[in-house]
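User: Hi! Could you take me through this structure and tell me what stands behind each label?

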Amino acid sequence: MTISSATPEMRWSDAGGLQAIELHAVHKHFGSVQAVRGVDMTISPGEIVAILGPNGAGKTTTIDMILGLSQPTSGAVSVFGMQPRQAITKGLISAVMQTGGLLKDLTVGETVEYTASLFARRQTVHDVLSRAGIEGIADRRVGKCSGGEQQRLRFAMALVSDPELLALDEPTTGMDVEGRRSFWAAIRKDAEQGRTVLFATHYLEEADAYADRIILLRHGLVVADGTAAQIKAMAAGRTVRATLPGATEDMLRGIPGADTAEVRGETVLVHATDSDAVARYLLTNTAARDLEITARGIEEAFLALTGDETEPASGAPSTGALS
Amino acid sequence: MSTVPSTFTADLKARRAPALGGFNLTALRLEVRRLLRNRRTVVITMVFPVVFYLLFGLHKSYSKLPAGHGNIAAFVMISLALYGAVFAATSGGALVSIERAQGWSRQLRLTPLSPPAYITMKVLTSLILGAGSVAVTFVVGRLTAEASMPGYLWIVTALCVWIGSLLFAAFGLFMGYLLPTENVMQLMSLILAVLSFAGGLFIPVSQFAPAVRDIAKWTPLYGLNQLVHTPLLGNGVDWTWVVNVLAWLIIFAAGATWRFRKDTARG
(Lines give C-alpha, C1' and ligand atoms only; values in the text may rest on other atoms or scores of the structure.)
Protein backbone atom coordinates (compact mmCIF):
# COMPACT_ATOMS: atom_id res chain seq x y z
CA MET A 1 0.00 0.00 0.00
CA THR A 2 1.10 3.53 -0.61
CA ILE A 3 0.34 6.92 0.78
CA SER A 4 -0.80 8.89 -2.17
CA SER A 5 -1.20 12.21 -0.42
CA ALA A 6 2.31 12.25 0.98
CA THR A 7 4.12 15.55 1.19
CA PRO A 8 7.60 15.66 -0.29
CA GLU A 9 9.09 15.41 3.19
CA MET A 10 7.05 12.31 4.02
CA ARG A 11 7.80 10.95 0.62
CA TRP A 12 11.52 10.87 1.21
CA SER A 13 11.45 10.09 4.93
CA ASP A 14 11.90 6.39 4.32
CA ALA A 15 14.23 6.40 1.35
CA GLY A 16 16.43 4.05 3.36
CA GLY A 17 19.57 6.05 2.70
CA LEU A 18 19.09 5.60 -1.04
CA GLN A 19 20.56 8.55 -2.89
CA ALA A 20 19.19 10.04 -6.07
CA ILE A 21 22.66 10.52 -7.52
CA GLU A 22 26.03 9.29 -6.35
CA LEU A 23 29.33 9.98 -8.06
CA HIS A 24 32.52 8.53 -6.66
CA ALA A 25 35.93 9.67 -7.90
CA VAL A 26 34.58 10.17 -11.40
CA HIS A 27 37.09 11.00 -14.10
CA LYS A 28 36.37 11.58 -17.75
CA HIS A 29 39.08 12.03 -20.31
CA PHE A 30 38.68 12.78 -23.99
CA GLY A 31 42.05 11.80 -25.37
CA SER A 32 44.50 13.95 -23.50
CA VAL A 33 41.83 16.38 -22.34
CA GLN A 34 40.65 15.83 -18.79
CA ALA A 35 37.10 17.13 -18.71
CA VAL A 36 36.24 15.77 -15.27
CA ARG A 37 39.07 15.13 -12.84
CA GLY A 38 37.74 13.33 -9.80
CA VAL A 39 34.23 14.42 -8.88
CA ASP A 40 32.40 13.16 -5.81
CA MET A 41 28.81 14.14 -5.51
CA THR A 42 25.83 12.92 -3.52
CA ILE A 43 22.38 14.27 -4.21
CA SER A 44 19.44 13.22 -2.07
CA PRO A 45 15.95 12.57 -3.39
CA GLY A 46 13.91 15.76 -3.57
CA GLU A 47 16.85 18.17 -3.76
CA ILE A 48 17.02 20.90 -6.36
CA VAL A 49 20.67 21.25 -7.23
CA ALA A 50 22.48 23.53 -9.65
CA ILE A 51 25.79 22.62 -11.20
CA LEU A 52 27.31 25.99 -11.78
CA GLY A 53 30.46 26.74 -13.67
CA PRO A 54 31.97 28.54 -16.59
CA ASN A 55 32.19 26.97 -20.03
CA GLY A 56 34.61 24.06 -20.02
CA ALA A 57 34.13 23.35 -16.32
CA GLY A 58 32.78 19.85 -17.04
CA LYS A 59 29.08 20.47 -16.40
CA THR A 60 27.73 18.80 -19.52
CA THR A 61 30.24 15.97 -19.27
CA THR A 62 29.09 15.31 -15.71
CA ILE A 63 25.40 15.38 -16.64
CA ASP A 64 26.01 13.11 -19.65
CA MET A 65 27.55 10.53 -17.34
CA ILE A 66 24.63 10.78 -14.92
CA LEU A 67 22.29 10.21 -17.87
CA GLY A 68 24.31 7.27 -19.15
CA LEU A 69 25.05 9.06 -22.43
CA SER A 70 28.74 8.58 -21.74
CA GLN A 71 30.77 6.38 -19.46
CA PRO A 72 33.30 7.66 -16.94
CA THR A 73 36.92 6.87 -17.72
CA SER A 74 37.16 5.80 -14.09
CA GLY A 75 35.00 6.05 -11.01
CA ALA A 76 31.37 5.12 -10.41
CA VAL A 77 28.05 6.74 -11.19
CA SER A 78 24.79 5.48 -9.77
CA VAL A 79 21.27 6.82 -9.94
CA PHE A 80 18.76 5.58 -7.36
CA GLY A 81 21.23 2.80 -6.64
CA MET A 82 21.38 1.56 -10.22
CA GLN A 83 23.27 2.04 -13.44
CA PRO A 84 22.07 5.14 -15.30
CA ARG A 85 20.89 3.13 -18.30
CA GLN A 86 18.81 0.88 -16.07
CA ALA A 87 17.25 3.91 -14.40
CA ILE A 88 16.44 5.28 -17.86
CA THR A 89 14.72 2.11 -19.02
CA LYS A 90 12.60 2.23 -15.88
CA GLY A 91 11.66 5.81 -16.60
CA LEU A 92 13.31 7.14 -13.46
CA ILE A 93 15.45 9.76 -15.16
CA SER A 94 14.67 12.22 -17.86
CA ALA A 95 16.44 15.22 -19.22
CA VAL A 96 15.94 18.50 -20.97
CA MET A 97 18.85 19.09 -23.29
CA GLN A 98 20.08 22.42 -24.50
CA THR A 99 19.43 22.02 -28.21
CA GLY A 100 18.35 19.47 -30.77
CA GLY A 101 16.55 16.27 -29.93
CA LEU A 102 13.39 17.15 -31.81
CA LEU A 103 11.99 16.01 -35.14
CA LYS A 104 10.84 18.97 -37.21
CA ASP A 105 8.27 17.01 -39.17
CA LEU A 106 6.25 15.86 -36.15
CA THR A 107 3.76 18.07 -34.34
CA VAL A 108 4.22 19.04 -30.71
CA GLY A 109 1.50 16.60 -29.63
CA GLU A 110 2.88 13.76 -31.76
CA THR A 111 6.35 14.26 -30.32
CA VAL A 112 5.04 13.83 -26.79
CA GLU A 113 2.84 10.91 -27.85
CA TYR A 114 5.85 9.21 -29.46
CA THR A 115 7.99 9.72 -26.38
CA ALA A 116 5.23 8.52 -24.08
CA SER A 117 4.74 5.34 -26.10
CA LEU A 118 8.29 4.24 -25.27
CA PHE A 119 7.80 4.11 -21.49
CA ALA A 120 6.11 1.51 -19.34
CA ARG A 121 4.67 4.18 -17.05
CA ARG A 122 3.46 7.34 -18.68
CA GLN A 123 1.25 10.30 -18.17
CA THR A 124 -1.30 11.48 -20.67
CA VAL A 125 -0.14 13.67 -23.50
CA HIS A 126 -2.69 16.33 -22.65
CA ASP A 127 -1.59 16.42 -19.03
CA VAL A 128 2.10 16.99 -19.72
CA LEU A 129 1.40 19.50 -22.48
CA SER A 130 -0.66 21.57 -20.12
CA ARG A 131 1.92 21.31 -17.34
CA ALA A 132 4.53 22.59 -19.75
CA GLY A 133 2.13 25.31 -20.84
CA ILE A 134 1.97 24.30 -24.52
CA GLU A 135 -1.42 22.58 -24.82
CA GLY A 136 -2.43 25.39 -27.19
CA ILE A 137 0.17 24.44 -29.79
CA ALA A 138 -0.26 20.66 -29.76
CA ASP A 139 -1.00 20.60 -33.50
CA ARG A 140 1.88 22.83 -34.52
CA ARG A 141 4.83 21.34 -36.39
CA VAL A 142 7.95 21.33 -34.22
CA GLY A 143 9.91 23.05 -36.99
CA LYS A 144 7.56 26.03 -36.72
CA CYS A 145 7.90 26.48 -32.95
CA SER A 146 9.98 29.24 -31.38
CA GLY A 147 13.04 28.38 -29.31
CA GLY A 148 11.09 28.88 -26.10
CA GLU A 149 8.24 26.66 -27.30
CA GLN A 150 10.69 23.97 -28.30
CA GLN A 151 12.25 24.14 -24.86
CA ARG A 152 8.84 23.73 -23.25
CA LEU A 153 8.27 20.77 -25.53
CA ARG A 154 11.51 19.21 -24.30
CA PHE A 155 10.26 19.82 -20.78
CA ALA A 156 6.93 18.14 -21.61
CA MET A 157 8.80 15.16 -23.07
CA ALA A 158 10.87 14.94 -19.91
CA LEU A 159 7.74 14.89 -17.75
CA VAL A 160 5.96 12.19 -19.67
CA SER A 161 7.52 9.27 -17.81
CA ASP A 162 6.87 10.94 -14.44
CA PRO A 163 10.59 10.68 -13.61
CA GLU A 164 12.07 10.81 -10.13
CA LEU A 165 15.04 12.78 -11.42
CA LEU A 166 14.90 15.58 -13.92
CA ALA A 167 18.22 16.75 -15.35
CA LEU A 168 18.42 19.98 -17.30
CA ASP A 169 21.50 21.04 -19.19
CA GLU A 170 21.55 24.81 -19.53
CA PRO A 171 17.85 24.69 -20.26
CA THR A 172 17.25 28.40 -20.74
CA THR A 173 20.10 29.18 -23.11
CA GLY A 174 18.83 31.55 -25.74
CA MET A 175 15.56 32.32 -23.96
CA ASP A 176 14.60 35.88 -23.10
CA VAL A 177 14.14 37.00 -19.51
CA GLU A 178 10.40 36.44 -19.49
CA GLY A 179 10.70 33.06 -21.15
CA ARG A 180 13.31 32.05 -18.63
CA ARG A 181 11.19 33.16 -15.71
CA SER A 182 8.09 31.30 -16.83
CA PHE A 183 10.14 28.22 -17.72
CA TRP A 184 11.57 28.12 -14.22
CA ALA A 185 8.18 28.76 -12.68
CA ALA A 186 6.94 25.61 -14.43
CA ILE A 187 9.95 23.59 -13.26
CA ARG A 188 9.66 24.88 -9.73
CA LYS A 189 5.96 24.11 -9.58
CA ASP A 190 6.63 20.64 -10.85
CA ALA A 191 9.42 20.03 -8.35
CA GLU A 192 7.02 20.73 -5.49
CA GLN A 193 5.77 17.19 -5.94
CA GLY A 194 9.13 15.96 -4.70
CA ARG A 195 11.00 15.38 -7.92
CA THR A 196 14.78 15.63 -7.72
CA VAL A 197 16.02 18.33 -10.07
CA LEU A 198 19.61 18.76 -11.25
CA PHE A 199 20.45 21.54 -13.63
CA ALA A 200 23.60 22.86 -15.19
CA THR A 201 23.86 26.56 -15.77
CA HIS A 202 26.32 29.33 -16.19
CA TYR A 203 23.69 31.89 -15.27
CA LEU A 204 24.59 32.72 -11.70
CA GLU A 205 21.28 34.31 -10.86
CA GLU A 206 19.53 31.19 -12.13
CA ALA A 207 21.44 28.95 -9.72
CA ASP A 208 20.87 31.43 -6.92
CA ALA A 209 17.17 31.82 -7.57
CA TYR A 210 16.08 28.26 -8.31
CA ALA A 211 18.42 25.82 -6.59
CA ASP A 212 18.42 24.72 -2.95
CA ARG A 213 22.02 23.83 -3.36
CA ILE A 214 24.82 24.82 -5.69
CA ILE A 215 27.74 22.65 -6.75
CA LEU A 216 30.42 24.79 -8.25
CA LEU A 217 32.59 23.13 -10.88
CA ARG A 218 35.81 24.49 -12.18
CA HIS A 219 38.23 22.72 -14.50
CA GLY A 220 36.53 19.40 -13.87
CA LEU A 221 36.62 19.61 -10.08
CA VAL A 222 34.05 20.50 -7.43
CA VAL A 223 35.35 23.70 -5.89
CA ALA A 224 32.36 24.48 -3.69
CA ASP A 225 29.18 22.75 -2.60
CA GLY A 226 26.51 24.31 -0.47
CA THR A 227 23.54 26.63 -0.36
CA ALA A 228 23.69 29.78 -2.41
CA ALA A 229 24.24 31.72 0.82
CA GLN A 230 27.11 29.44 1.84
CA ILE A 231 28.74 29.69 -1.55
CA LYS A 232 28.58 33.44 -1.47
CA ALA A 233 29.94 33.59 2.03
CA MET A 234 32.66 31.08 1.28
CA ALA A 235 34.12 33.05 -1.53
CA ALA A 236 33.43 36.51 -0.41
CA GLY A 237 32.61 36.47 3.25
CA ARG A 238 30.14 39.09 4.41
CA THR A 239 30.36 42.67 5.35
CA VAL A 240 29.09 43.73 8.76
CA ARG A 241 28.15 47.38 8.85
CA ALA A 242 27.32 49.21 12.06
CA THR A 243 27.24 52.60 13.69
CA LEU A 244 29.97 52.71 16.36
CA PRO A 245 31.36 56.12 17.34
CA GLY A 246 35.01 56.21 18.32
CA ALA A 247 36.04 52.90 16.81
CA THR A 248 39.48 52.43 15.30
CA GLU A 249 40.40 50.10 12.48
CA ASP A 250 43.01 48.34 14.63
CA MET A 251 40.43 47.58 17.28
CA LEU A 252 37.95 46.29 14.69
CA ARG A 253 40.52 44.05 13.06
CA GLY A 254 41.09 42.46 16.47
CA ILE A 255 37.54 41.13 16.61
CA PRO A 256 37.51 37.30 16.30
CA GLY A 257 36.51 36.33 12.76
CA ALA A 258 37.21 39.71 11.21
CA ASP A 259 39.36 39.94 8.10
CA THR A 260 39.52 43.63 7.23
CA ALA A 261 37.92 46.76 8.66
CA GLU A 262 37.21 50.27 7.57
CA VAL A 263 36.02 53.31 9.53
CA ARG A 264 33.96 56.03 7.81
CA GLY A 265 33.11 58.60 10.44
CA GLU A 266 30.72 56.86 12.84
CA THR A 267 30.10 54.00 10.44
CA VAL A 268 32.28 50.94 10.59
CA LEU A 269 32.56 48.20 7.95
CA VAL A 270 34.01 44.86 8.99
CA HIS A 271 34.61 42.28 6.33
CA ALA A 272 34.47 38.77 7.78
CA THR A 273 34.41 35.11 6.85
CA ASP A 274 32.50 34.44 10.06
CA SER A 275 30.18 37.40 10.04
CA ASP A 276 28.00 35.88 12.78
CA ALA A 277 30.88 35.96 15.25
CA VAL A 278 31.68 39.55 14.37
CA ALA A 279 28.07 40.63 14.73
CA ARG A 280 27.74 38.83 18.07
CA TYR A 281 30.91 40.49 19.33
CA LEU A 282 29.84 43.94 18.21
CA LEU A 283 26.42 43.67 19.81
CA THR A 284 27.53 42.14 23.10
CA ASN A 285 30.93 43.80 23.69
CA THR A 286 30.56 47.24 22.12
CA ALA A 287 27.97 49.99 21.76
CA ALA A 288 27.46 49.21 18.07
CA ARG A 289 23.95 49.75 16.70
CA ASP A 290 22.11 49.78 13.33
CA LEU A 291 23.81 46.50 12.50
CA GLU A 292 23.55 45.34 8.91
CA ILE A 293 25.07 42.25 7.31
CA THR A 294 25.42 42.05 3.54
CA ALA A 295 26.81 39.39 1.32
CA ARG A 296 28.60 40.07 -1.89
CA GLY A 297 26.58 39.22 -4.95
CA ILE A 298 26.80 35.69 -6.16
CA GLU A 299 28.39 37.04 -9.29
CA GLU A 300 31.38 38.18 -7.29
CA ALA A 301 31.44 34.93 -5.35
CA PHE A 302 31.42 33.02 -8.58
CA LEU A 303 34.27 35.01 -9.99
CA ALA A 304 36.25 34.65 -6.78
CA LEU A 305 35.81 30.87 -6.83
CA THR A 306 36.28 30.21 -10.50
CA GLY A 307 38.89 32.83 -11.26
CA ASP A 308 42.09 31.56 -12.78
CA GLU A 309 44.61 32.80 -10.23
CA THR A 310 45.02 29.30 -8.80
CA GLU A 311 45.04 27.64 -12.18
CA PRO A 312 46.46 24.10 -11.99
CA ALA A 313 49.72 23.58 -13.81
CA SER A 314 48.39 21.31 -16.55
CA GLY A 315 45.55 19.23 -17.83
CA ALA A 316 42.88 21.86 -17.59
CA PRO A 317 40.37 21.61 -20.39
CA SER A 318 39.94 24.73 -22.37
CA THR A 319 37.55 23.88 -25.15
CA GLY A 320 34.02 25.15 -24.91
CA ALA A 321 32.74 21.90 -26.35
CA LEU A 322 33.31 20.21 -23.02
CA SER A 323 31.23 22.59 -20.96
CA MET B 1 -1.15 -4.87 9.38
CA SER B 2 2.07 -4.88 7.46
CA THR B 3 4.43 -1.97 7.60
CA VAL B 4 3.63 0.83 5.23
CA PRO B 5 6.36 1.32 2.67
CA SER B 6 7.24 4.87 1.77
CA THR B 7 5.82 6.02 -1.51
CA PHE B 8 9.36 6.47 -2.73
CA THR B 9 10.69 2.95 -2.26
CA ALA B 10 7.36 1.51 -3.35
CA ASP B 11 7.49 3.72 -6.40
CA LEU B 12 11.00 2.58 -7.29
CA LYS B 13 9.96 -1.06 -6.98
CA ALA B 14 6.89 -0.50 -9.11
CA ARG B 15 8.94 0.93 -11.92
CA ARG B 16 9.69 -1.40 -14.76
CA ALA B 17 11.17 -1.34 -18.23
CA PRO B 18 8.74 -1.50 -21.16
CA ALA B 19 8.17 -4.77 -22.98
CA LEU B 20 9.99 -5.45 -26.28
CA GLY B 21 12.65 -2.82 -25.61
CA GLY B 22 10.10 -0.07 -26.12
CA PHE B 23 8.84 -1.27 -29.50
CA ASN B 24 5.20 -0.29 -29.90
CA LEU B 25 2.57 0.38 -32.52
CA THR B 26 1.95 4.02 -31.57
CA ALA B 27 5.52 4.93 -32.41
CA LEU B 28 5.35 2.82 -35.57
CA ARG B 29 2.20 4.65 -36.67
CA LEU B 30 3.90 8.00 -36.11
CA GLU B 31 6.96 6.85 -38.07
CA VAL B 32 4.79 5.91 -41.02
CA ARG B 33 2.94 9.21 -40.78
CA ARG B 34 6.26 11.05 -40.83
CA LEU B 35 7.33 9.27 -44.00
CA LEU B 36 3.98 10.01 -45.64
CA ARG B 37 4.44 13.68 -44.79
CA ASN B 38 7.54 13.77 -46.91
CA ARG B 39 6.27 14.80 -50.34
CA ARG B 40 9.33 13.55 -52.19
CA THR B 41 9.00 10.09 -50.64
CA VAL B 42 5.30 9.84 -51.43
CA VAL B 43 5.75 11.03 -55.00
CA ILE B 44 8.61 8.67 -55.71
CA THR B 45 7.12 5.59 -54.03
CA MET B 46 3.44 6.00 -54.91
CA VAL B 47 3.25 8.28 -57.93
CA PHE B 48 6.38 7.57 -59.99
CA PRO B 49 5.80 3.81 -60.44
CA VAL B 50 2.21 4.40 -61.51
CA VAL B 51 3.02 7.25 -63.89
CA PHE B 52 5.94 5.34 -65.39
CA TYR B 53 3.69 2.34 -65.84
CA LEU B 54 1.05 4.41 -67.59
CA LEU B 55 3.75 5.94 -69.82
CA PHE B 56 5.88 2.92 -70.60
CA GLY B 57 3.78 -0.13 -69.80
CA LEU B 58 0.42 0.63 -71.35
CA HIS B 59 -0.65 0.71 -74.98
CA LYS B 60 2.81 0.19 -76.36
CA SER B 61 3.48 -1.99 -79.35
CA TYR B 62 5.17 -4.44 -77.00
CA SER B 63 2.66 -4.29 -74.13
CA LYS B 64 0.66 -7.36 -75.06
CA LEU B 65 3.57 -9.45 -76.29
CA PRO B 66 3.93 -12.61 -74.25
CA ALA B 67 6.51 -12.83 -71.46
CA GLY B 68 6.65 -16.19 -69.73
CA HIS B 69 3.29 -16.87 -68.08
CA GLY B 70 2.07 -13.34 -68.77
CA ASN B 71 2.85 -10.35 -70.93
CA ILE B 72 5.31 -7.48 -71.19
CA ALA B 73 2.93 -5.05 -69.47
CA ALA B 74 3.03 -7.29 -66.38
CA PHE B 75 6.82 -7.45 -66.64
CA VAL B 76 7.09 -3.63 -66.69
CA MET B 77 4.63 -3.33 -63.82
CA ILE B 78 6.78 -5.64 -61.68
CA SER B 79 9.93 -3.65 -62.47
CA LEU B 80 8.27 -0.39 -61.46
CA ALA B 81 6.78 -1.89 -58.30
CA LEU B 82 10.29 -2.98 -57.39
CA TYR B 83 11.58 0.53 -57.95
CA GLY B 84 8.89 1.97 -55.64
CA ALA B 85 9.42 -0.67 -52.96
CA VAL B 86 13.19 -0.25 -53.03
CA PHE B 87 12.87 3.49 -52.72
CA ALA B 88 10.45 3.07 -49.80
CA ALA B 89 12.81 0.66 -48.06
CA THR B 90 15.76 2.99 -48.51
CA SER B 91 13.74 5.96 -47.23
CA GLY B 92 12.87 4.18 -44.01
CA GLY B 93 16.49 3.33 -43.32
CA ALA B 94 17.74 6.73 -44.35
CA LEU B 95 15.47 8.37 -41.77
CA VAL B 96 18.21 7.41 -39.34
CA SER B 97 20.46 9.96 -40.95
CA ILE B 98 17.95 12.76 -40.49
CA GLU B 99 17.35 11.70 -36.92
CA ARG B 100 21.02 11.73 -36.13
CA ALA B 101 21.42 15.16 -37.70
CA GLN B 102 18.50 16.55 -35.68
CA GLY B 103 19.70 15.01 -32.42
CA TRP B 104 16.69 12.72 -32.15
CA SER B 105 18.88 9.62 -31.87
CA ARG B 106 20.50 11.13 -28.80
CA GLN B 107 17.11 12.02 -27.37
CA LEU B 108 16.01 8.42 -27.86
CA ARG B 109 18.94 7.28 -25.76
CA LEU B 110 17.21 9.00 -22.87
CA THR B 111 14.25 6.66 -23.33
CA PRO B 112 13.94 2.89 -22.81
CA LEU B 113 13.92 2.29 -26.57
CA SER B 114 16.57 -0.35 -27.26
CA PRO B 115 18.70 -0.23 -30.43
CA PRO B 116 17.22 -3.49 -31.80
CA ALA B 117 13.70 -2.15 -31.22
CA TYR B 118 14.66 1.08 -32.98
CA ILE B 119 16.05 -0.77 -36.02
CA THR B 120 13.01 -3.05 -36.11
CA MET B 121 10.76 -0.01 -36.14
CA LYS B 122 12.69 1.53 -39.02
CA VAL B 123 12.61 -1.68 -41.06
CA LEU B 124 8.87 -2.15 -40.45
CA THR B 125 8.24 1.47 -41.44
CA SER B 126 10.09 0.75 -44.68
CA LEU B 127 8.05 -2.39 -45.25
CA ILE B 128 4.73 -0.66 -44.62
CA LEU B 129 5.54 2.08 -47.10
CA GLY B 130 6.90 -0.52 -49.54
CA ALA B 131 3.67 -2.52 -49.25
CA GLY B 132 1.74 0.63 -50.12
CA SER B 133 3.94 1.26 -53.11
CA VAL B 134 3.63 -2.29 -54.46
CA ALA B 135 -0.12 -2.34 -53.82
CA VAL B 136 -0.74 0.94 -55.63
CA THR B 137 1.28 -0.15 -58.65
CA PHE B 138 -0.38 -3.56 -58.86
CA VAL B 139 -3.87 -2.16 -58.34
CA VAL B 140 -3.35 0.33 -61.19
CA GLY B 141 -1.91 -2.50 -63.29
CA ARG B 142 -5.00 -4.57 -62.62
CA LEU B 143 -7.48 -1.75 -63.21
CA THR B 144 -5.96 -0.75 -66.53
CA ALA B 145 -6.51 -4.37 -67.57
CA GLU B 146 -3.51 -4.71 -69.84
CA ALA B 147 -1.01 -6.43 -67.58
CA SER B 148 -1.77 -10.11 -67.67
CA MET B 149 -0.54 -13.05 -65.64
CA PRO B 150 -2.18 -15.92 -63.74
CA GLY B 151 -3.97 -14.83 -60.54
CA TYR B 152 -1.54 -16.53 -58.15
CA LEU B 153 1.38 -14.75 -59.78
CA TRP B 154 -0.06 -11.36 -58.86
CA ILE B 155 0.25 -12.36 -55.23
CA VAL B 156 3.51 -14.30 -55.44
CA THR B 157 5.23 -11.56 -57.42
CA ALA B 158 3.99 -8.77 -55.15
CA LEU B 159 5.36 -10.67 -52.14
CA CYS B 160 8.70 -11.27 -53.88
CA VAL B 161 9.07 -7.58 -54.65
CA TRP B 162 8.00 -6.56 -51.16
CA ILE B 163 10.25 -8.96 -49.25
CA GLY B 164 13.12 -8.42 -51.69
CA SER B 165 13.03 -4.72 -50.93
CA LEU B 166 14.36 -5.55 -47.45
CA LEU B 167 17.79 -5.65 -49.10
CA PHE B 168 17.44 -1.92 -49.51
CA ALA B 169 16.21 -1.38 -45.98
CA ALA B 170 19.70 -2.58 -45.02
CA PHE B 171 21.17 -0.25 -47.65
CA GLY B 172 19.15 2.68 -46.27
CA LEU B 173 20.28 1.95 -42.72
CA PHE B 174 23.90 1.73 -43.85
CA MET B 175 23.66 5.07 -45.65
CA GLY B 176 21.67 6.53 -42.76
CA TYR B 177 24.43 5.76 -40.30
CA LEU B 178 27.17 6.64 -42.77
CA LEU B 179 25.94 10.04 -43.94
CA PRO B 180 25.12 12.49 -41.18
CA THR B 181 23.03 14.80 -43.28
CA GLU B 182 19.44 15.88 -43.41
CA ASN B 183 19.57 15.85 -47.21
CA VAL B 184 20.44 12.19 -47.47
CA MET B 185 17.35 11.37 -49.55
CA GLN B 186 18.36 13.73 -52.35
CA LEU B 187 21.56 11.76 -52.70
CA MET B 188 19.71 8.46 -52.32
CA SER B 189 17.25 9.36 -55.12
CA LEU B 190 20.16 9.83 -57.45
CA ILE B 191 21.95 6.65 -56.39
CA LEU B 192 18.76 4.60 -56.66
CA ALA B 193 17.99 5.96 -60.11
CA VAL B 194 21.45 4.92 -61.30
CA LEU B 195 21.18 1.50 -59.64
CA SER B 196 17.71 1.01 -61.14
CA PHE B 197 19.00 1.67 -64.62
CA ALA B 198 21.99 -0.56 -64.06
CA GLY B 199 19.80 -3.29 -62.59
CA GLY B 200 17.58 -3.29 -65.67
CA LEU B 201 14.44 -1.93 -64.02
CA PHE B 202 13.83 0.63 -66.75
CA ILE B 203 15.52 -0.95 -69.76
CA PRO B 204 16.31 -4.68 -69.89
CA VAL B 205 19.99 -5.33 -69.28
CA SER B 206 20.04 -7.49 -72.42
CA GLN B 207 19.71 -4.32 -74.48
CA PHE B 208 22.84 -2.74 -72.98
CA ALA B 209 26.15 -2.74 -74.82
CA PRO B 210 28.11 -5.88 -73.81
CA ALA B 211 30.68 -3.96 -71.77
CA VAL B 212 27.97 -2.10 -69.84
CA ARG B 213 26.03 -5.31 -69.39
CA ASP B 214 29.00 -6.99 -67.71
CA ILE B 215 29.29 -4.16 -65.22
CA ALA B 216 25.53 -3.98 -64.65
CA LYS B 217 25.45 -7.59 -63.50
CA TRP B 218 27.52 -6.67 -60.46
CA THR B 219 25.20 -3.89 -59.26
CA PRO B 220 22.90 -4.45 -56.28
CA LEU B 221 19.55 -4.23 -58.07
CA TYR B 222 20.44 -6.61 -60.88
CA GLY B 223 20.06 -9.90 -59.03
CA LEU B 224 16.95 -8.79 -57.19
CA ASN B 225 15.33 -7.55 -60.39
CA GLN B 226 16.01 -10.86 -62.11
CA LEU B 227 14.66 -12.84 -59.17
CA VAL B 228 11.37 -10.96 -58.84
CA HIS B 229 10.66 -11.59 -62.53
CA THR B 230 11.43 -15.29 -62.29
CA PRO B 231 7.90 -16.40 -61.27
CA LEU B 232 6.45 -14.55 -64.26
CA LEU B 233 9.05 -15.69 -66.77
CA GLY B 234 9.24 -19.23 -65.43
CA ASN B 235 12.78 -19.44 -66.75
CA GLY B 236 14.42 -20.81 -63.63
CA VAL B 237 16.80 -19.17 -61.18
CA ASP B 238 20.36 -18.42 -62.19
CA TRP B 239 22.63 -18.92 -59.17
CA THR B 240 24.56 -15.71 -59.93
CA TRP B 241 21.39 -13.71 -59.16
CA VAL B 242 21.16 -15.30 -55.74
CA VAL B 243 24.84 -14.68 -55.11
CA ASN B 244 24.40 -11.06 -56.17
CA VAL B 245 21.54 -10.51 -53.70
CA LEU B 246 23.23 -12.34 -50.82
CA ALA B 247 26.57 -10.63 -51.36
CA TRP B 248 25.00 -7.18 -51.35
CA LEU B 249 22.85 -8.07 -48.37
CA ILE B 250 25.96 -9.06 -46.44
CA ILE B 251 27.75 -5.88 -47.49
CA PHE B 252 24.84 -3.60 -46.54
CA ALA B 253 24.03 -5.38 -43.29
CA ALA B 254 27.68 -5.53 -42.24
CA GLY B 255 28.12 -1.87 -43.15
CA ALA B 256 25.01 -0.87 -41.21
CA THR B 257 26.10 -2.91 -38.20
CA TRP B 258 29.58 -1.44 -38.30
CA ARG B 259 28.32 2.17 -38.48
CA PHE B 260 25.58 1.47 -35.95
CA ARG B 261 28.10 0.10 -33.43
CA LYS B 262 30.27 3.13 -33.93
CA ASP B 263 27.29 5.41 -33.47
CA THR B 264 25.96 3.83 -30.30
CA ALA B 265 29.33 3.18 -28.66
CA ARG B 266 29.09 5.04 -25.39
CA GLY B 267 32.38 6.83 -25.16
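Analyst: Happy to; below are some labels and the definitions behind them. This is a predicted model, where local features need pLDDT of at least 70, side-chain atom pairs count only at pLDDT 80 or more, and totals for chains, interfaces and linings use all residues. Residues are numbered from 1 along each chain as its sequence is written, chains are lettered from A and ligands numbered from 1 in the order in which they are written, and side-chain values use heavy atoms, with hydrogens and water left out.

User: Why is B:Val161 called buried?

Analyst: Buried means under 20% relative accessible area, exposed over 50%, and partly exposed in between, using a 1.4 Å probe and protein chains only. B:Val161 has a relative accessible area of 0%, so it counts as buried.

User: What does B:Val161 touch beyond its sequence neighbours?

Analyst: Leaving out residues up to four places away in sequence, B:Val161 touches B:Ile78, B:Ala81, B:Leu82, B:Ala85, B:Val134 and B:Val228. A contact here means heavy atoms within 4.5 Å.

User: Why is B:Cys160 called partly exposed?

Analyst: Its relative accessibility is 30%, so B:Cys160 falls in the partly exposed class. A:Cys145, at 9%, is therefore buried.
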